[in-house]
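Let's take a walk through this structure together, one region at a time.

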Amino acid sequence: MHDCVIHIYVVGMPNTSTRPKRGRRNRRVPREDPARNELVSRSLESAQQCLFNQDYGTAFVHYLLVLNLAPVLKDFASESFRFTLFKWADELDSLGRIQDLFDCYEQALELFPTDEVIINSMGEHLFRMGFRDEAAGHFHKALKLKPDYPEAKENFYRVANWLVERWHFLMLNDRRRNHKYQQAIQKAVEGGCNTVLDIGTGTGILGMCAKKAGAAEVYACELSKTMYELACEVVTANGMNGRIKILHMKSLEMEVPKDIPKRVSLVVTETVDAGLFGEGIIESLIHAWNHLLLPPQSTQDPSRPPSHAGRVIPAGATVFGMAVQCLEIRRHHRLCVSEVGGLATAAAGELHSPVSCSSEDDSTEPYTTERLSRLPGGYTPLTEPFNALDIDFNNVQELEGLCSREVSRVRLPVTGEGLLDALAVWFQLHLDQQSSLSTGPKEDTCWEQAIYPVQTPHNFPLRPGDELIVEISCRDAYLRLCSVAVARDGREFRLDDCLDPDIPRNNPGPSGNPNPSLNAEAELCSALACLGTEQSSGPRDYTMLECAEMALLNNQPYHDSFRRALAKLITNLKDARSVQGPSQGQGLEVMPLTDPPSGPMDPGPDPFYVLDVSEGFSVLSLMAASQGQVKAYSSVEKTQHQAVLRRLAMANGVPEEALEFWLNQVEDEQAVLQRPSREKLWSAIILDCVETCGLVRQKLMEKATLARCLLEDGGQIFPERIVLYGMLVESDTLLLESAVQGQEPTLGFNIAPFINQFTVPVHVFLDLSTLQCRHLSDSVELFILDLMNTNANYTNRDVKVQASASGRVTAVPFWYQIHLNEEISVSTFNQDSHWKQAAVVLHQPLAVREGDWVRLAVTLQKSSISISASIEEEAGETGTVDSVKSPLSDCL
Ligand code: 44T
């Protein structure tokens, strides 16, 4: 690329730095210039030739030259130019030349600044490289330029959550919270705090409250670019432009007088997450007290007027904790099964989820978040709520001391019987002396609770009379709670170590209570024996799995279904081969496991080739290999994960050569779907078709089309078909999470129209079983995706469904039945599932009366679904009526 850049300068082409000014003096009438025309036409020819020769880098430079010299050719050459750009960008990407890649996009956008395809594609590169905010910004821009552009729409919907997180809607819809903050701010300002800084202003709401209350000077800072821009729009729309100074920066970077002229008397902030400290409030407030706030009201000199003292809203917080048993948490954080899909799991070694408060590992988070009241299967409290911490935000010494404070230990009387799965944490935020907000599980609040899962592999039933010993500390600005031991009958048992490796691990059963076949006392003894009374012997070796991967591994029905479907396929293929006569295969790497070869010279029958292209960790390939006479290829990428599969293979008698790691062999990850070798085809290809969030994976149908071409006669894609189901519901919760509701201004401010631009019609990661909603219909088949015959698919379908009750249809939640073959299927709406569900929130609620027929127009473009609903005026025929409109073109 660099030599090409030199070429550009030689011919004097303007690039970013030498862009001609658009001033009037520079605007010349283009002259006819034969030499220039000659250069243009030669370069265009070269561009086309290079493109033909697949020399995309040179083609790209020629196109740049042509289009800069002769902008009139833009229309004519735009398609080829884009094509060249995308090809060249892919090459640069695979060469790791990231700067060059983005330079090319910048140059392309100089030429085509409003080209939504280029902007969207740049977003995709940014996204792949982990620049999610920037990527989301590009998708948003592409969509603004062309609202119907399906690729940008799909991309935007998938990432809008990073731009404007969904909780903004919840918080703005939470009137009680808004009102309490407003009151506290108003009181403080009226009491004399007249210079205010809003840290983490979001939409600008707290800053506007301060201004409205009469504060003389209001400043606000916001680190997210999108939120900062939104706050500027909102403040202007509310006539406060110039009266609130908004800064796009992290409060920690602010200085007096550079950013604000002098120290302020009030800091307002709601930079708290479910675990209180996760947004860095401790660090921000220490910095604010040291650099941005007036000194606090001192007890020695209480006469100092509030305008001369500094204070913070919220004034402080009280943190609570509680130990719980919860199957839903357990199956996402610990291995709960000793066997899955016919494979014994003991050899997997210790598996952890990435959520651990004890680990030093940077890749772990100390807690996850859940709304306890909405967890499927509920939870059982094992202790009373306990006070874990009190913190005064107006005391800088206390804030500074927090992280250097010694680890404190609390002993909690166990009040309930059950397995210890997690500590749940919530807090009360004291806005001032009078008013507070609680994020507790029993409150009617939009807040989630912080969940500190227990990661130990032991099954440890607690019972009343025990004492649970919990350590509380603050490290890296996170509050950490860790259950360390149980005191029973005067002895203390550590929870974080298993000193005797000979004692079998006692996996907690997936169904809740300790294995009922063991008598309770034996269960207890084995659990206790597993726990040392000594000091821990240091960190053990473990492998990390994502929470969804852990839940998948714990999902026995899913794996059993695959096992049966694979076995059936292999049997059919064997039968077919025996009809055709003995195989002529060569290069037979795999011996049959069940039917050993008769002599050393006999290589045995040709194996069946099975490819599993599941994303992340999957044991399906190993299950296939364990069928015998199968050579399985796994797409598991991480070395640690491959090691787990190798250990499982060995422990389950699967020969080493029966399982290979496909991505170690294919050079280019894009080429993941190809033949096992030139002369062979796959007997089965396992496609991972639904993401954990509840959406169809991107490019699924393209993959299926390709996969079909790589199958041997009688071979199969798993799944062969997926069927989308949905139902009509009335759910206010879904509305509250998707947009600021109602016509009324929020606290008197006009905010909704601005933030609602970031409304996304498809909600993901829903738990339909606990979603607060009224069902207004039975479930109905919405769409079929046939992976074995993609020609049979379509993009639009009308479905009629009858309302089973009167109400307002606000959303259509959906899920999938994944058909492995004619008889065997798994559902993504199932209590053992690692999948969540998704829902389309209707643009406008639709009022229905019981018995009405509703027509749902379902569209699947790429892999993004949209649904609109209308009342069917004509009396409907019974059942659902489909009208297939346009065929889904085969993507290859
Ligand atoms: N989540 C609540 C967190 N910021 C709340 O960029 C509650 C989650 C939640 N700006 C479900 C329900 C709920 N300087 O825009 C953000 C962030 C910004 C800063 C400047 C700083 N030092 C910071 C720190 C953060 O502040 C805004 C709010 S942060 C947290 C909000 C309804 N799930």
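What follows looks at a group of helices and then at a sheet with its helices. Please keep in mind that this is a predicted model.

Start with the stretch at residues 116-149, which the UniProt record, an unreviewed entry, annotates as "repeat: TPR". This span is 79% helix and 0% strand, and its end C-alpha atoms lie 8 Å apart.

Sorted by class, the contact of α6 with α7 has eight nonpolar, three polar and five charged residues.

Now turn to the next partner of α6, helix α8, at residues 150-163. These two helices pack at an angle of about 40 degrees, and their axes are 11 Å apart. That angle makes α6 oblique to α8. The crossing of α6 and α8 is left-handed. Here Asn120, Glu124 and Phe127 of α6 meet Glu151, Ala152, Asn155, Val159 and Trp162 of α8. This contact divides into four nonpolar, two polar and two charged residues.

In what order do the strands of the open sheet stand? Five strands line up as β3-β2-β1-β4-β5, with parallel pairing. At the edges are β3 (244-247) and β5 (311-313), each with a single partner strand, so one side of each has no neighbour in the sheet. On average, neighbouring strands are turned by 20 degrees against each other, direction ignored.

For a close look at one pairing, pick β1 (residues 195-199) and β4 (residues 266-269), which pair in the parallel sense over four bridges. Leu197 stands opposite Val267 in β4.

Helices accompany this sheet too. Helix α10 (residues 175-190) lies across β1, β4 and β5, and runs at about 160 degrees to β5. Helix α11 (residues 205-212) packs on the sheet as well, touching β1, β2 (217-221), β3 and β4. The direction of α11 makes about 180 degrees with that of β2.

How values were computed. Residues are numbered from 1 along each chain as its sequence is written. This is a predicted model: local features need pLDDT of at least 70, side-chain atom pairs count only at pLDDT 80 or more; totals for chains, interfaces and linings use all residues. Side-chain values use heavy atoms; hydrogens and water are left out. Ala, Val, Leu, Ile, Met, Phe, Trp, Tyr, Cys and Pro count as nonpolar, Asp, Glu, Lys and Arg as charged, and the others, Gly among them, as polar. UniProt positions are given in the numbering used here, feature names are shortened, and annotations may be inferred rather than shown by experiment. Two strands pair if DSSP finds at least two bridges between them. Axes are lines fitted to C-alpha atoms, for helices over the stretch in contact, and angles run from 0 to 180 degrees between N-to-C directions. Contact means heavy atoms within 4.5 Å. Angles under 35 degrees count as roughly parallel, over 145 as roughly antiparallel, 65 to 115 as roughly perpendicular and the rest as oblique. A crossing is left-handed if the near helix is turned anticlockwise from the far one by less than a right angle, and right-handed if clockwise.
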